[in-house]
Amino acid sequence: MKTRRSPLLTISAAVAAGALIGAGGGAGTYAAFSGNSKTVVRQVSVGDSQTAAATSGLSVNSIYKRTNRGVVDVKVNSQASNAFGGTQSQSAEGSGFVYDSSGHVITNQHVVDGATSVRVTFWNGQTYTAHVVGTDASTDLAVLKVDAPSSALYPLVLGDSSKVQVGDNVVAIGSPFGLAETVTAGIVSALHRQMTSPNNFSIDDSIQTDAAINHGNSGGPLLDAQGHVIGVNAQIESDSGGSDGVGFAIPSNTIKSIASQLISSGKAQHAYLGVQLGSNGAGARVVSVRSATPAAKAGLHAGDVITSLGGTRISSSDDLRSAINARKPGDHVSVTFLRNGARHTVSLTLGSRPS
């Protein structure tokens, strides 16, 4: 069996309607050791004397005690091609958290990508088999179903990520480098960041934090001062490959929307226009149009500046992404755009984002 460390997820401008925030990497799954080596797992305790998670909130220790039973370690086996044209086994490791009393677990899509088997280990060391219910590469989220007794399930509560503010204190729990139940603390460093998803779309409204996030933290919760999940830790920006204090989490409001779709149908759908965008300060400038997409069929061209979609005023690329994300595949909308100074309006039917 070959061990692997999942490729770092790149934060770049090379995404449809994306924006450059750096050339960083992801808090990708940490490969479990094989052969004569083994992953060293130890419990990490946090003293009450450490800094409070918020002036009016719980201490780090209290947050840990309230939530650690709902955080899990995720070990994945998969098959990969080798240089000789055959396949070989691989293993990797990430984090996750219990979503509900039915045994659903939230983690990152890139943690379980290509999984042939998944095992989930709880805070008390008990390990259970899980299967992948559904994944969404566009938001880098996945839902697992673990075969564990109800007595082992401690669901965490999702918070409202729209109420998070810069400077709020946060706590991350996960398995960096295989060290399960590791706790780190920090603040919300910035909001409304953009990450590049595994299939090269933009994940909007990501939460930036300086809480230490490393390989193996992927899929674990970012918690607020009340112990509510406000994000799923997913990526880091780093020159060294380790934590440089710039991590990113998928917001909890995105988790709510995607998890419900994955649980009900095994997949998530996103409305799709089919353009790559730049911003010119007066709308969303079309850099390119993908063939056979709603935009192409409606006659949009590179250089067009979209100023309205479905009656919503568009002042930037962010506005257009938000307007599209608020729609469903199959919705009929009007699109107003400027071309060579002249205003045009077309009607089109939004498609479904490719996987």
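This is a predicted model: local features need pLDDT of at least 70, side-chain atom pairs count only at pLDDT 80 or more; totals for chains, interfaces and linings use all residues.
Let me start with helix 1, residues 60–67, where V60, N61, I63, Y64 and T67 are buried. Looking down the axis of helix 1, these buried residues fall within an arc of 165°, so they line one face of the helix. On the face of helix 1 turned away from the buried side sit K65 and R66, both exposed. As for what covers the buried residues of helix 1, the list includes strand 3, strand 9, strand 10 and strand 12. I will come back to several of those strands.

Taken as a whole, the protein has 5 helices and 22 strands. Of its 355 residues, 53% are buried. Counting contacts between residues at least 6 apart in sequence, 62% join residues at least 24 apart.

Next, strand 3 and its surroundings. Strand 3, residues 71–81, pairs with strand 6, residues 115–121, in the antiparallel sense, and 6 bridges join them. Strands 6 and 7 form a hairpin with 5 residues between them, and in the turn G125 has a positive phi of about 90°.

Strand 12, residues 221–223, runs antiparallel to strand 13, with 3 bridges between them. L223 has V229 of strand 13 as its bridge partner. This hairpin has 5 residues between its strands, and G227 takes a positive phi near 85°. On to strand 14, residues 247–251: strand 13 is joined to it by 5 bridges, antiparallel. Here V232 has I250 in strand 14 as its bridge partner.

Is strand 13 enclosed or open to the outside? All 8 of the 8 residues of strand 13, residues 229–236, are buried, so the strand is largely enclosed by the rest of the structure. In general, the side chains of a regular strand alternate between the two faces of the sheet.

Now strand 10, another of the elements covering helix 1. I picked V188, which is found in strand 10, residues 182–196. V188 counts as buried because its relative accessibility is 1%, and the cut-off for buried is under 20%. Which residues does V188 touch, leaving aside its neighbours within four places in sequence? They are V164, Q165, V166, G167, D168, V170, I207 and Q208. Take V166 from that list: V188 and V166 are 22 residues apart in sequence, and their C-alpha atoms are 5.1 Å apart in space.

E181 lies in the loop between strand 9 and strand 10. E181 is not a glycine, yet its phi is positive, at about 65°. With a relative accessible area of 7%, E181 is buried.

N340 is another non-glycine residue with a positive phi, near 55°. N340 is in the loop between strand 20, residues 332–339, and strand 21, residues 342–349. Is N340 buried or exposed? N340 is exposed, with a relative accessible area of 81%.

Last, the largest pocket. Its volume is about 620 Å³. The elements giving two or more residues to the lining of this pocket are strand 10, strand 11, helix 3 and helix 5. The lining has 28 residues, and those nearest the centre of the pocket are D204, D205, N253, T254 and N325. By type, the lining residues divide into 9 nonpolar, 14 polar and 5 charged.

In helix 5, the residues S317, L320, R321, A323 and I324 are buried. Viewed down the axis of helix 5, its buried residues fall within an arc of 165°, so they line one face of the helix.

Methods
Residues are numbered from 1 along each chain as its sequence is written. Side-chain values use heavy atoms; hydrogens and water are left out. Buried means under 20% relative accessible area, exposed over 50%, partly exposed in between (1.4 Å probe, protein chains only). Helices (H or I, at least four residues) and strands (E, at least two) are DSSP runs, numbered from the N terminus. Two strands pair if DSSP finds at least two bridges between them. Contact means heavy atoms within 4.5 Å. On a 1 Å grid over the protein atoms alone, a cavity is a set of points where a 1.4 Å probe fits but cannot get out, and a pocket is an open set with protein on both sides within 12 Å along at least five of seven lines; lining residues have an atom within 4 Å of a point. Grid points are joined across faces, edges and corners, and a volume is the space filled by probe spheres set on the points. Ala, Val, Leu, Ile, Met, Phe, Trp, Tyr, Cys and Pro count as nonpolar, Asp, Glu, Lys and Arg as charged, and the others, Gly among them, as polar. The arc is that of the directions from the helix axis to the C-beta atoms.
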